[in-house]
Amino acid sequence: MPDEIDATRRDWIKGAGALLAAAPFAGIVPARAQPAGFGPLKRVEAGDLSVAFVEAGPRDGKPVLLLHGWPYDIHSYAEVAPILAASGYRVLIPFLRGYGETRFRSETTPRNGQQAALAADALAFLDALGIERALVAGYDWGARTACILAALSPERCKGLVSVSGYLIGSREANATPLPPKAELQWWYQFYFATERGREGYARYTRDFARLIWELASPRWRFDDATFARSAKAFENPDHVAVSIHNYRWRLGLAEGEARFDATERKLATFPTIAVPTITLEGDANGAPHPEPSAYARKFTGPYAHRTLTGGIGHNLPQEAPQAFAQAVVDVDAV
């Protein structure tokens, strides 16, 4: 596994990096090559949601909150979870709003996909389980949520692992046009801005998701069974509404909820993150993502970046579970 990690990393500040550099990839238990899947789903009432989640590892272990992205699901962590559980962590993996068996508790709650709403969900989930502080890790939507927790609620976040780095955004920043090649990568965002796009995603959800998987991870050779296992999560009755709102909100084409306005104002300042952090990137990520040099200064605490080689794409925890799990262990060691 060390061969998967690029040797170029930013020096750790405050002396904490030496600890990680001294013993990388030590003490981790290998995952099974073909995981049988998770145990029975659990459920907890948390804020706006009745959250379905899986749990692995000892109940008295250090909590690790793993957050999935779009259009994926909890099975992105099917191999990460047993590695961390075997190392003594209490692993918690919730279905996000609009995925799997997670449901809104009220029919009147807006099917809101804005970043502050998902962050509120994550905090409510930790509160419902009585967890004061956890390691938080994610990719895609999950990485954005994890970054928000680390930035605005550092007392709840012992450490952060974020794929593609600092992903906090703002509608004001999104109003600035990008160069044409960058805009092209966001083709689906513009599609979703139309009613044709909303109807198309509702009608062809599985086909759409599979196309995103293929484009975002062009060298990941997942099989039909792997995709079908995750695709069940898109049958959630609110999946389309939450997904469409997320991308329309980003472009200023849909309003958020007033109760999140104060949070969004804070996020629009692009707050720095001081908790211990490791950012990860795959060398074959086909999804839009910033260069590591563009966000390194946003992390003001102990920090390192790792680029995984060998054709690793956007769904990094599922494509490189050993390296992702090791990053969690290493950031916890700071």
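Colleague: Which residues make the nonpolar surface patch of about 250 Å²?

Modeller: Trp187, Leu211 and Leu215 make that patch. Keep in mind that this is a predicted model.

Colleague: Where does Trp187 sit, and why is Trp187 called partly exposed?

Modeller: Trp187 is in helix H7, residues 187–192.

Colleague: Let's go to Arg111. What makes Arg111 buried?

Modeller: The relative accessible area of Arg111 is 16%. Buried means under 20%, so Arg111 is in the buried class.

Colleague: Where is Arg111 along the chain, and what does Arg111 touch?

Modeller: Look in the loop between strand E5 (103–104) and helix H3 (115–128). Leaving out residues up to four places away in sequence, Arg111 touches Phe104, Ser106, Asp238, Ala241, Val242 and His245. The C-alpha atom of Arg111 is also 8.8 Å from that of His239, although the two are 128 residues apart along the chain.

Colleague: Which backbone oxygens does the side chain of Arg111 reach?

Modeller: One belongs to Ser106, at 3.0 Å. Another is the backbone oxygen of Thr109, which lies 2.6 Å from a polar side-chain atom of Arg111. The cut-off for a polar contact is 3.5 Å.

Colleague: How do you know that the span of helix H4 agrees with its number of residues?

Modeller: H4 runs over residues 141–152, and at 1.5 Å a residue its 12 residues should span 16 Å. The end C-alpha atoms are 17 Å apart, so the two agree.

Colleague: Why is H4 called largely enclosed?

Modeller: Because 11 of its 12 residues are buried. Among them are Trp141, Arg144, Cys147 and Leu149. The cover over the buried residues of H4 includes strand E3 (62–67), H3, strand E6 (134–138), strand E7 (157–163), helix H11 (239–250) and helix H12 (261–267).

Colleague: On to charges. What makes Asp48 and Arg97 a salt bridge?

Modeller: Their closest N and O atoms are 3.4 Å apart, and the rule asks for within 4 Å, so the pair qualifies. Asp48 lies in the loop between strand E1 (42–46) and strand E2 (49–56), and Arg97 in the loop between strand E4 (89–94) and E5, so the pair ties together parts 49 residues apart in sequence. Both Asp48 and Arg97 are buried. By this rule the count comes to 21 salt bridges.

Colleague: What about Glu255 and Arg171: how far apart are their closest N and O atoms?

Modeller: They are 3.5 Å apart, and the two residues form a salt bridge. The pair links distant parts of the chain, 84 residues apart: Glu255 is in the loop between H11 and H12, and Arg171 is in helix H5, residues 171–174.

Colleague: Which residues are linked in a network of salt bridges?

Modeller: Asp48, Arg97, Asp121, Glu257 and Arg259. Within it, the side chains of Glu257 and Arg259 meet at 2.9 Å, N to O. Glu257 is buried, with a relative accessible area of 12%, whereas Arg259 is partly exposed at 46%.

Methods
Residues numbered from 1 in each chain as written. Predicted model: local features only at pLDDT ≥ 70, side-chain atom pairs only at ≥ 80, totals over all residues. Heavy atoms only, no water. Patch = residues over 30% accessible without salt bridge, like charges linked within 9 Å, V, L, I, M, F, W, Y side chains within 5 Å. Areas by Shrake-Rupley, 256 points an atom, 1.4 Å probe, with all protein chains shown as cover. Helix = DSSP H or I, 4+ residues; strand = E, 2+ residues; numbered from the N terminus. Buried < 20%, exposed > 50% of the residue type's maximum accessible area, 1.4 Å probe, protein only. Contact = heavy atoms within 4.5 Å. Polar contact = N/O pair within 3.5 Å; in protein donor to acceptor, adjacent residues only side chain to side chain. Expected span 1.5 Å × (residues − 1).
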